[in-house]
Amino acid sequence: MPRSSTGTVVAALTAAALGGVGVLAYQAAATAPDRPAHSVHDSQAGDSKSKPKDKGKDKDGEKKSTALPGDSGTGLRVVYALEDRRVWLVGANEQPTRTFEVSPSTASPSPGTYEVTSRVPSTIGSDGVQIEHVVVFDTEDGVVFGFSAAVDGSAPDTSSAKKTGGIRESRADATAMWEFTQAGTKVVVIA
């Protein structure tokens, strides 16, 4: 009985497929953004298309201060200023290690002091977008509030009628937040 070459064909096709997957994985890794060093102190969240024109400036067009607000609590904490759309990661020594702008969703948490209740490496956000480095700190009236980064770099849809509480960061800022926080880390929300 003659031998079948089916096994040889299957082996060749499998090798070709694995080679193709390897090339795609290399291309993805080569184009992915690098993680920033912790010494970066100020960065921008989202892309320039999603930012309001006056972001970073006050009503009079003056540049807003990036200094840590005085009414922001004490100790190791995350400070989120609603009006400024800015976050500070503050060490136990009362010194900010990083500050950056964020893009809030359609709902905002009430000013107050919270604790990180959970962290999720990756999931789908309430707006249907793939997100990563999710740091949740509050739930009000069924709306979950937390910091995260959209894998595609998008900002939340603020024109949506659906109440969502995602506070979007750039992927680099979300990585810094993820590394800074643990369950129980204090989050201070100020107006």
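Strand β9 (residues 143-150) and strand β10 (residues 165-168) run parallel and are joined by four bridges, where helices (H or I, at least four residues) and strands (E, at least two) are DSSP runs numbered from the N terminus, and two strands are taken to pair if DSSP finds at least two bridges between them. Within this pairing, Gly146 stands opposite Gly166 of β10. The model is a predicted one, in which local features need pLDDT of at least 70 and side-chain atom pairs count only at pLDDT 80 or more, while totals for chains, interfaces and linings use all residues. Residues are numbered from 1 along each chain as its sequence is written, and side-chain values use heavy atoms, with hydrogens and water left out.

Both β9 and β10 belong to an open sheet of five strands, which has the order β5-β10-β9-β8-β7 and mixed pairing. The edge strands of this sheet are β5 (103-104) and β7, each of which pairs on one side only. In general, the strands of a sheet pair through backbone hydrogen bonds, in either a parallel or an antiparallel arrangement. The antiparallel sense is found for β7 (residues 118-124) and β8 (residues 130-140), which pair over six bridges, and here Arg119 has Val135 in β8 as its bridge partner. Five residues lie between the two strands of this hairpin, in which Gly128 takes a positive phi near 85 degrees.

Helix α2 (residues 171-180) lies across β7, β8 and β9 and runs at about 55 degrees to β8, the axes being lines fitted to C-alpha atoms, for helices over the stretch in contact, with angles running from 0 to 180 degrees between N-to-C directions. Contact is defined here as heavy atoms within 4.5 Å.

A search of the whole structure finds five salt bridges, each defined as a side-chain nitrogen of Lys or Arg within 4 Å of a carboxyl oxygen of Asp or Glu. Two that involve helix α2 may be described together. In one, the side chains of Glu132 and Arg171 meet at 2.6 Å, N to O, and this pair links distant parts of the chain, with Glu132 in strand β8 and Arg171 in helix α2, 39 residues apart. Glu132 counts as buried at 13% relative accessibility, whereas Arg171 is partly exposed, with a relative accessible area of 29%; buried means under 20% relative accessible area, exposed over 50%, and partly exposed in between (1.4 Å probe, protein chains only). In the other, the closest N and O atoms of Arg98 and Asp173 are 2.7 Å apart.

Glu94 is placed in the loop between β3 (86-90) and β4 (96-101) and Arg77 in strand β2, so that the pair links distant parts of the chain, 17 residues apart. Arg77 is buried at 1% relative accessibility, while Glu94, at 31%, is partly exposed.

Leu76 has its place in the loop between β1 (42-43) and β2 (77-81), and with a relative accessibility of 39% Leu76 counts as partly exposed. Apart from neighbours within four places in sequence, Leu76 is in contact with Val90, Gly91, Ala92, Phe180, Thr185 and Lys186. The C-alpha atom of Leu76 is separated by 9.2 Å from that of Val187, which is 111 residues away along the chain.
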